[in-house]
2 protein chains.
Amino acid sequence: MADRSDTKNRILDAALASFGTAGFDGTSLDDIAVGLGLRKQTILYHFVTKRGLLNAVVDRCAGDLTRAMEEVLAGEARDWDRVEALVRRVFRLALDQPVLLGLLREVSRPNSPGAQRMRANLDPLMARARIWIEGEMAVGRMRRTDAQLLLLSAYSTVVGVGTEIEVLRAAGIEPTLRTVVQRRRELLGFLRSSLDPRD
Amino acid sequence: MADRSDTKNRILDAALASFGTAGFDGTSLDDIAVGLGLRKQTILYHFVTKRGLLNAVVDRCAGDLTRAMEEVLAGEARDWDRVEALVRRVFRLALDQPVLLGLLREVSRPNSPGAQRMRANLDPLMARARIWIEGEMAVGRMRRTDAQLLLLSAYSTVVGVGTEIEVLRAAGIEPTLRTVVQRRRELLGFLRSSLDPRD
DNA sequence: CGCATTCTCTACCAAGTGGTAAAGATCCTG
DNA sequence: CAGGATCTTTACCACTTGGTAGAGAATGCG
């Protein structure tokens with residue numbers, strides 16, 4: 001039955017879009033269902049509860065993010081080049097899939113349902129990154145600094161890109177690639193000034 | 001009856017805190033009322049509808065923000081010093097009243113009720129700032145660039161500070177002044193590189 | 001075919017939502 | 001004290017919400 005994963009994915013797509021724009025509380029299962037031409041009970045069949053749907057959406061997004069970064073980590077870029085490659089990869093993902101930024105911002109809110117799960121999902125990735133960076137520091141290929149703080153700042157910068165895009169759009173400015181590229185440059189500048197020993 | 005403005009302000013305080021953390025949709029009038037030890041009908045008496053309450057909250061916050069900036073504009077700082085003074089003043093406001101950042105982020109969301117009203121409230125301030133900057137550009141005291149884009153980027157950076165603080169807190173790091181100061185330094189650096197002709 | 005699995009549907013419900021109507025309080029003023 | 005204005009309350013309502021129960025389709029397999 002090829003329909004199964006198809007319906008499930010269609011629901012996930014719609015839920016991601018709605019959670020990211022209207023928020024979790026601002027989304028009703030009926031809204032999603034009607035938008036897809038089915039009944040909300042179908043959604044509950046696949047995900048049991050609304051919270052379960054959110055969890056599935058969070059898991060998928062965290063998976064996308066993790067996969068994108070694994071891709072770079074499996075590549076041949078090293079040292080500072082690897083940092084730059086990671087940033088570029090994440091920004092590319094954000095541009096390809098803007099709704100992802102909306103969800104990230106939603107779950108970055110205090111008291112947000114999903115926040116804990118997203119964090120749990122990204123924890124291994126963060127820990128891995130931190131260990132790598134600290135290793136590089138230890139051998140002098142990166143300058144010494146608080147690795148975790150650095151990573152979280154980078155994370156919130158990426159999330160902020162989503163906010164900025166929406167702010168611009170609300171002000172009637174259709175965001176161009178330029179504004180995003182600028183943010184990326186700033187983030188790279190921040191990371192370079194924190195990490196690059198050649199600086 | 002001195003109670004009137006008092007009760008009203010207490011409701012506004014509680015609503016600001018709740019809208020900023022749980023979001024508009026995630027807040028029920030009952031929640032607010034119970035937290036204040038009164039009935040939700042009291043809230044509705046003062047603000048007629050939930051939406052009216054949001055509007056009042058947005059208006060007050062926009063007023064705080066505007067007043068803070070007027071304060072600087074009435075001061076004696078000029079040229080680049082004025083830009084720096086404005087940034088410092090806004091960051092100080094954000095530190096004094098962190099809940100304000102929560103609301104700003106809430107209304108910076110697409111489809112957010114209140115987004116339009118916040119924008120309408122801040123529009124005059126933004127227009128005034130743009131005109132001033134463009135004037136400075138015209139006489140060569142600032143470098144030429146897209147003033148509105150600059151302002152909106154600065155705005156979203158400030159909003160991003162709120163997100164970052166919450167991300168850090170969620171990760172178990174109690175945000176220190178240091179992280180906020182760093183963001184301020186970055187924003188000033190961005191503005192300087194965009195505007196300062198001495199650069 | 002018969003049967004079981006997988007999926008989607010209709011029907012319904014308990015709880016919570018924002019909001020209305022109106023009765024009391026509390027206070028100021030003539 | 002009487003009466004009006006301001007404020008807070010109780011009682012109630014229409015509606016939406018997430019969720020349950022169970023009946024039908026559709027598909028795969030013996």
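**Figure 1. Secondary structure of chain A in the predicted model.** Chain A of this predicted model has nine helices and zero strands; helices (H or I, at least four residues) and strands (E, at least two) are DSSP runs, numbered from the N terminus. From the N terminus on, the order of elements reads α-α-α-α-α-α-α-α-α. Along the principal axes, the C-alpha atoms of chain A fill a box of roughly 60 × 40 × 35 Å. Residues are numbered from 1 along each chain as its sequence is written, and chains are lettered from A and ligands numbered from 1 in the order in which they are written. Local features need pLDDT of at least 70 and side-chain atom pairs count only at pLDDT 80 or more, while totals for chains, interfaces and linings use all residues; side-chain values use heavy atoms, with hydrogens and water left out.

**Figure 2. A salt bridge in chain A.** The side chains of Lys40(A) and Asp30(A) form a salt bridge, at 4.0 Å from N to O. The term denotes a side-chain nitrogen of Lys or Arg within 4 Å of a carboxyl oxygen of Asp or Glu. Lys40(A) belongs to helix H3 (residues 40-47) of chain A and Asp30(A) to helix H2 (residues 29-36) of chain A, so the pair ties together parts that are 10 residues apart in sequence. Over all chains, the count by this rule is 30 salt bridges.

**Figure 3. The packing of helices H4 and H5 in chain B.** Helix H4 (residues 50-73) and helix H5 (residues 79-96) of chain B pack at an angle of about 145°, and their axes are 9 Å apart. Axes are lines fitted to C-alpha atoms, for helices over the stretch in contact, and angles run from 0 to 180 degrees between N-to-C directions. Contact means heavy atoms within 4.5 Å. Among the residues of H4(B) that meet H5(B) are Leu65(B), Met69(B) and Val72(B), and the partners in H5(B) include Leu86(B), Val90(B) and Leu93(B).

**Figure 4. The interface of chain B and chain A.** In this interface, 35 residues of chain B are in contact with 35 residues of chain A. The elements that give two or more residues to the side of chain B that touches chain A are helices H6 (98-107), H8 (147-170) and H9 (177-195) of chain B. H8(B) gives the most, with 14 residues.
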